Amino acid sequence: MARPASAILRRFVKLETTRLSASGPQGRATPAPSDRVSPVKRDRIVIAGAGIAGLVAAAATADMFDEVIVVDPDSLAGQVGAHPPRTQLHNVLTRGQRHLEALLPGFRRRFLDAGGAEGDVCLDTHVYEFGGDAFGRSLGLSIWSAPWESIWGAARALLPANVQVRHGTTVAGLEAHGRRVGRVRLVGENCTEVMDVAALVDASGHGSRFDRLLDAAGVAVPRVERQRLDRWFITVRLRRPPGMVGRPDFWMTFADPPHRQVALMSPLGSDEWDLSVESQEPFSTPPTNFEGVLAFLDELPGPPLRPVAEAATPLGPPAVFRRREARWRHYEEIDTPLAGFFPVGDSFVSTNPVHGQGIGVAAWQASILRESLSTGVDAAEWTQPYLKAAGRAARQAWDLDSVPVPAISISDWVTLGQGMAANANLQRRYVGIWHLIEPVSSLHHLVRAAEAEVAVRTEGPR
Ligand SMILES: Cc1cc2nc3c(=O)[nH]c(=O)nc-3n(C[C@H](O)[C@H](O)[C@H](O)COP(=O)(O)OP(=O)(O)OC[C@H]3O[C@@H](n4cnc5c(N)ncnc54)[C@H](O)[C@@H]3O)c2cc1C
């Protein structure tokens, strides 16, 4: 019977430990006298960042390493750190839901118990996009929504027992041994610790500084691609009017291209809503109060959202967040990457938040990491396949930004809308693009299929 990959991996890292100890710490920088050096141990993974990417990476690797250490300078108890505001509404779509549940069994139950909302797509979702209403039928897909802190809390509660999470600690240095990860330097409030690692995950988010650490360690750094966003996001929490309590409805309105205004209203528990409005500077300036948010809704096309929002009671002032750009660090292009180094989540690719894909991509990449670690016994064998596959996941989310325009013309959108109303499979595949289960490249094929569908309906079969 084949041995489980994790057992082979452990045997390898233990052998490696013995060999390195016997031959002495060649090529290692001498730690400063005040540094505490941990015992040499190769079966350890350090994860930089305890955001959602860090937590899913920990879940993915927990049974493959004896020690799994997640570090983060943020306490995650006080004010906002580098990650999105804790109260910011986050949607999780089908691809992300599947990976979260696979990595953290019981996630959906815990998420719902914590007040997370789940809606049927497109029975509970009222979507207006590209000039038309989405046809209301069930596609066998769902949407989850909750504030970031609830999603993070559900993931944190389900982490396996061998995962240590150390707050107030930063990965501040990295040392390569040849072409593989060797040691990391952790800096806490009162001490610095240098430890040997078999693997290192960069889950330090959009503002990751690991390219500097890689450069300082003398290894290849990724090319960075940027998308200009200049977007602002406003969230208001609302108490629903009595007649709407307990209803599963979501409303999503996207301005007609080339405009970029978006409004999303989602359930928060059974008696609140989260209203998020988003736009791009300099075309719109963010409203500063609830009246301004209602005026923003008036400018949107489609079924009026203002009466729904106006009937509710705001529970606080609007919270504003800005994101200037999306970033893709192209690790997948590096020919000789640092073996054992794995970027996951926003540190690899931070996409346009409007598309609601960050958590899904992080969970997808964490699943790829798990799979890659199971395929070989050597860090060099894990790294290339991981980076290539994680890069493909990044591509799928990144390309969504090109979907509205100019990928297909306005008249093609109209045809696609008509085709989808007539054919549930077409609609499921189109919506599947946004749920990351269908590639963006199928869009043109779907338009042609919609044309054929519309022709059959208007002219009859030939
Ligand atoms: C306004 C907004 C709305 C969004 N909406 C959605 C949505 O609807 N759906 C969705 O899926 N995604 C959404 N996203 C994206 C989503 O929040 C992220 O993609 C997701 O949370 C993954 O983030 P992360 O863990 O990679 O990074 P982060 O959440 O930024 O976490 C990185 C962590 O690393 C820590 N760190 C930094 N440097 C170091 C270091 N050197 N050592 C150790 N730790 C370090 C930071 O303190 C931080 O806690 C949205 C983002 C924004 C800004």
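Reply: The protein has 14 helices and 21 strands in its secondary structure. The model is a predicted one. Of its 462 residues, 56% are buried, and residues 24 or more positions apart account for 72% of the contacts with a separation of 6 or more.

Me: What makes H9 and H10 roughly antiparallel?

Reply: The axes of helix H9 (residues 358-375) and helix H10 (residues 379-398) cross at roughly 160 degrees and come within 9 Å. Angles over 145 degrees count as roughly antiparallel, and H9 is therefore roughly antiparallel to H10. The crossing in which H9 passes H10 is right-handed.

Me: Which residues of H9 and H10 make the contact, and how do they divide by class?

Reply: From H9 the contact takes Val361, Trp364, Gln365, Ile368, Leu369, Ser372, Leu373 and Thr375, and from H10 it takes Glu381, Trp382, Pro385, Tyr386, Ala389, Ala390, Ala393, Ala394, Gln396 and Ala397. By class, the contact of H9 with H10 has 13 nonpolar, four polar and one charged residues.

Me: Why are H13 and H14 called roughly antiparallel?

Reply: Helix H13 (residues 424-434) and helix H14 (residues 443-459) have axes that cross at roughly 160 degrees and come within 11 Å. The cut-off is again an angle over 145 degrees, so H13 and H14 are roughly antiparallel to each other. H13 passes H14 in a left-handed crossing. On the H13 side the contact is made by Leu426, Arg429, Tyr430 and Ile433, and on the H14 side by Leu443, His445, Leu446, Ala449, Ala450 and Glu453. These residues of the contact of H13 with H14 divide into seven nonpolar, one polar and two charged.

Me: Where is Asp230 found, and what makes Asp230 buried?

Reply: Asp230 is found in strand E14 (residues 224-239). Its relative accessible area is 16%, so Asp230 is buried, the limit being under 20%. Phi of Asp230 is near 50 degrees, also a positive value in a residue other than glycine.

Me: How do you know that Cys122 is buried and that Cys191 is partly exposed?

Reply: Cys122 has a relative accessible area of 4% and is therefore buried. Cys191, at 33%, is partly exposed, a class that runs between 20% and 50%. The structure holds zero disulfides. Cys122 lies in the loop between strand E5 (117-121) and strand E6 (125-129), and a cis peptide bond with omega of about 5 degrees joins Val121 and Cys122.

Me: Why does Gln261 count as buried, and what is Gln261 in contact with?

Reply: Gln261 has 14% relative accessibility and therefore counts as buried. This residue is found in the loop between strand E15 (250-254) and strand E16 (262-268). Leaving aside neighbours within four places in sequence, Gln261 is in contact with residues including Phe254, Glu278, Ser284, Phe296 and Leu300.

Me: Is Asp196 buried or exposed, and how many residues separate Asp196 from Arg44 in sequence?

Reply: At 1% relative accessibility, Asp196 is buried. The residue is in strand E12 (residues 192-196). Asp196 and Arg44 are 152 residues apart in sequence, and their C-alpha atoms are 7.5 Å apart in space.

Conventions
Residues numbered from 1 in each chain as written. Predicted model: local features only at pLDDT ≥ 70, side-chain atom pairs only at ≥ 80, totals over all residues. Heavy atoms only, no water. Axes fitted to C-alpha atoms, helices over the stretch in contact; angles between N-to-C directions. Helix = DSSP H or I, 4+ residues; strand = E, 2+ residues; numbered from the N terminus. Parallel < 35°, antiparallel > 145°, perpendicular 65-115°, else oblique. Left-handed = near helix turned anticlockwise from the far one by under 90°. Contact = heavy atoms within 4.5 Å. Nonpolar A, V, L, I, M, F, W, Y, C, P; charged D, E, K, R; others polar. Disulfide = S-S within 2.5 Å. Buried < 20%, exposed > 50% of the residue type's maximum accessible area, 1.4 Å probe, protein only.
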